[in-house]
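Hello,

The structure we discussed is below for your files. My notes on it follow.

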Amino acid sequence: MDYDKIASSYNRLYKEEQLKKLKAIEKILNVRKEDYLLDIGSGTGISTNYFKCNCFGLDPSFKMLKFSKDLKVCGYAENLPFKENTFDIIIAVTSFHNFIDFRKAILEIKRVSKKNAKIVITVMKKSSYLEQITDLIKENFIFETIEEEKDIIFYGNLM
Ligand SMILES: C[S@@+](CC[C@H](N)C(=O)[O-])C[C@H]1O[C@@H](n2cnc3c(N)ncnc32)[C@H](O)[C@@H]1O
């Protein structure tokens, strides 16, 4: 999907749906205000605006990012412009199945995570990549799942 093209209507179409997922994720995460949180595929900033901590959004769609008020950077999950050991929390809400190279993205998540970082990845149940992503998450994280209306929420820690 070309997110630049739908950027101006994204919040009207999807914000409510995304907020439901965030309510479930909030319960899992127990965010502290001093936490450094990276939202990969942050789009219009629905999540970075939701969590009250040090939030950074990253997304390749400049037009989606234009709608995001929080700290944000234009870039790709496969090449995160952050140092090793930076984040307490990494989330990717309904974005992971859009990434170009899932394995590279996982390696990057591991690289920029602090040792006990909490990781949350949600994937649309209808995504044709769900099985492939589940296998990769199994290989790399100790995780549990919650089934939400449209997404599977994977959450856990690095191995
Ligand atoms: C369905 S939107 C989700 C946006 C946001 N997470 C939310 O909950 O509203 C998917 C987002 O993934 C982003 N995306 C696509 N490919 C990406 C990549 N390789 N790295 C990071 N983000 C990517 C898109 O630009 C888009 O903003």
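The model is predicted. The largest nonpolar core has 32 residues, and those touching the most other members are Leu37, Leu38, Ile90, Ile91, Ile119, Val120 and Ile121. At least two core residues come from each of strand 1, strand 2 (54-59), strand 4 (87-93), helix 4 (102-112), strand 5 (113-124), helix 5 (130-140) and strand 7 (151-158). Strand 4 supplies the largest share of this core, with six residues.

Ile121, one of those core residues, is in contact with Ala92, Phe96, Ile137 and Phe154, once its neighbours within four places in sequence are left aside.

Next, Tyr36. This residue lies in strand 1, which covers residues 36-40. Not counting residues up to four places away in sequence, Tyr36 touches Asn54, Thr86, Phe87 and Asp88. Tyr36 and Ile90 are 54 residues apart along the chain, and their C-alpha atoms are separated by 8.5 Å.

Last, the ligand. The ligand is surrounded by 22 residues, of which Gly41, Gly43, Ala77, Ser95 and Asn98 are the closest. Two elements give two or more residues to this shell: helix 1 (3-29) and helix 2 (46-50). Helix 1 gives the most, with three residues. By type, the shell around the ligand divides into eleven nonpolar, nine polar and two charged residues.

Regards

Notes: Residues are numbered from 1 along each chain as its sequence is written. This is a predicted model: local features need pLDDT of at least 70, side-chain atom pairs count only at pLDDT 80 or more; totals for chains, interfaces and linings use all residues. A residue is near a molecule or strand if its C-beta atom, placed from the backbone, lies within 6 Å of it. Helices (H or I, at least four residues) and strands (E, at least two) are DSSP runs, numbered from the N terminus. Ala, Val, Leu, Ile, Met, Phe, Trp, Tyr, Cys and Pro count as nonpolar, Asp, Glu, Lys and Arg as charged, and the others, Gly among them, as polar. Two residues are in contact if their C-beta atoms, placed from the backbone, lie within 7 Å. A nonpolar core is a set of buried Ala, Val, Leu, Ile, Met, Phe, Trp, Tyr and Cys residues joined through C-beta atoms within 7 Å. A residue is buried if 20 or more other C-beta atoms lie within 10 Å of its own, exposed if 12 or fewer, and partly exposed in between; C-beta atoms are placed from the backbone.
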